[in-house]
Amino acid sequence: MGWFWADDDTKANLDISKCPVNHQSTAVASCPVVQQPKEVAAVCPVNHGLNNSDNDTFINPLNNMPFSISSEKSPGQKINLPKERTMSSIPRGQSDNEGVWEYPSPQQMLNAMLRKGKGSVPEEAVESMVDVHNWLNEAAWREILEWEKPHSDKTHIEPRLLRFIGKPHELSPRARLYLGLSKLFPDRFNENPPFDRHDWTVLRGSNVQDTNNNETGNGETKKVWEEVRYVIDYYGGPDDEESGAPTFFLDVRPALDSFVNCQDRFSRWYGTVVQPTVEKALGKWE
């Protein structure tokens, strides 16, 4: 779900961060696309290690995708697909001048999938695939913003997305844990593995004194970026009972590869699990 374009300088109001635990009483976040739900439920067009067999293909290291994919109709294509690309809400790179990440057009989506050997791609479903793809990316970014809020509130610097990579065949430690627990507690944990995994590298800003600007050592404040890795597991949920549309669960969290990330994970767990449980036990829960 993380296919962006990064070769140009160039919203959705979403909130779907659900854990893969099977909370049957919890309302399922449904996808706004209702056309061809079965065909778009678990499709990710991100390039997961594309082999560069074409000498004219140049891979962008920021998103592991070709710098350019044709917007022309593919041979044998029957349906005319839109060629206009959509801008995401996700800031790209270290500077405002780099703009935001850009989503592919439906025509580019089809060309990329055919190029990667996806076989017979239902042309009539491509626009829905793009809608779902963009919707999930925006939802993932909104959840990342929630994780980053304690830091950005202090620095007044909004995070940015530097790069990302898809790892569909590499289960995260938490996904493996949930799969193991599902064998013991099938009513509580999802028995199906995530259909995709992404690692996003987010830039977290801070202000530091630049002491190299003058002799007194009281230099001006400058912005410094720290790279923070986030892990995103994408789960398919049950179809919505009323509309029949597919649903998705996104498990978004900072990777446990730094002390600060561990602190953030503990604080989130304490604030959403431990503290409410204690307050309820003490009769303070309303």
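Leaving aside neighbours within four places in sequence, Ser-152 is in contact (heavy atoms within 4.5 Å) with Ile-157, Glu-158 and Pro-159. This serine lies in helix H3, where helices (H or I, at least four residues) and strands (E, at least two) are taken as DSSP runs, numbered from the N terminus. With a relative accessibility of 9%, Ser-152 counts as buried; the term buried stands for under 20% relative accessible area, exposed for over 50%, and partly exposed for what lies in between, computed with a 1.4 Å probe on protein chains only. The model is predicted, and for this reason local features need pLDDT of at least 70 and side-chain atom pairs count only at pLDDT 80 or more, whereas totals for chains, interfaces and linings use all residues. Residues are numbered from 1 along each chain as its sequence is written, and side-chain values use heavy atoms, with hydrogens and water left out.

Helix H3 covers residues 126-155, and the loop between H3 and strand E5 holds His-156. Most residues other than glycine have a negative phi. His-156, although not a glycine, has a positive phi of about 60 degrees, and its relative accessible area of 68% places it among the exposed residues.

In the protein as a whole there are 5 helices and 8 strands, and along the sequence these follow the pattern α-β-β-β-β-α-α-β-α-β-β-β-α. Of the 286 residues in the protein, 43% are buried.

Helix H2 spans residues 106-115 and contains Gln-107. In H2, 8 of the 10 residues are buried, so this helix is largely enclosed by the rest of the structure. The buried residues of H2 are Pro-106, Gln-107, Gln-108, Met-109, Leu-110, Asn-111, Ala-112 and Met-113, and what covers them includes H3. Gln-107 has a relative accessibility of 0% and therefore counts as buried. When residues up to four places away in sequence are not counted, Gln-107 touches Ser-70, Ser-71, Glu-72, Lys-73, Ser-74, Gln-77, Leu-81, Pro-82 and Lys-83. After H2 comes Gly-117, whose phi is positive, near 75 degrees.

Four strands form an open sheet in the order E5-E6-E7-E8, with antiparallel pairing; two strands are said to pair if DSSP finds at least two bridges between them. Strand E5 (160-166) and strand E8 (247-254) stand at the edges with a single partner strand each, so that one side of each is left without a neighbour in the sheet. Neighbouring strands of this sheet are turned by 25 degrees against each other on average, direction ignored, where the axes are lines fitted to C-alpha atoms (for helices over the stretch in contact) and angles run from 0 to 180 degrees between N-to-C directions.

Strand E5 pairs with strand E6 (residues 196-209) in the antiparallel sense over 6 bridges. Along this pairing, Leu-161 stands opposite Val-202 in E6, the bridge partner of Ile-165 in E6 is Asp-199, and Gly-166 stands opposite His-198 in E6. Although E5 is an edge strand, 5 of its 7 residues are buried, so E5 is largely enclosed by the rest of the structure. Strand E6 is likewise largely enclosed, because 10 of its 14 residues are buried. E6 is joined to strand E7 (residues 221-237) by 14 bridges, and these two strands run antiparallel; in this pairing, Gln-209 stands opposite Thr-221 in E7.

Helix H4 (residues 173-184) includes Leu-177, which at 48% relative accessibility counts as partly exposed. Leu-177 and Phe-189 are 12 residues apart in sequence, and their C-alpha atoms are 10.0 Å apart in space.

Rolling a probe the size of a water molecule over the atoms shows where empty space is left. A cavity is defined on a 1 Å grid over the protein atoms alone as a set of points where a 1.4 Å probe fits but cannot get out, and its lining residues have an atom within 4 Å of a point. The largest cavity has a volume of about 40 Å³, a volume being the space filled by probe spheres set on the points, which are joined across faces, edges and corners. Its lining consists of Lys-167, Pro-168, Glu-170, Leu-171, Ser-172, Pro-194, Asp-196, Arg-197 and Asp-233. These lining residues divide into 3 nonpolar, 1 polar and 5 charged, where Ala, Val, Leu, Ile, Met, Phe, Trp, Tyr, Cys and Pro count as nonpolar, Asp, Glu, Lys and Arg as charged, and the others, Gly among them, as polar.

Technical notes: 1 Å grid on protein atoms, 1.4 Å probe; cavity = no way out; pocket = protein on both sides within 12 Å on 5 of 7 lines; lining within 4 Å.
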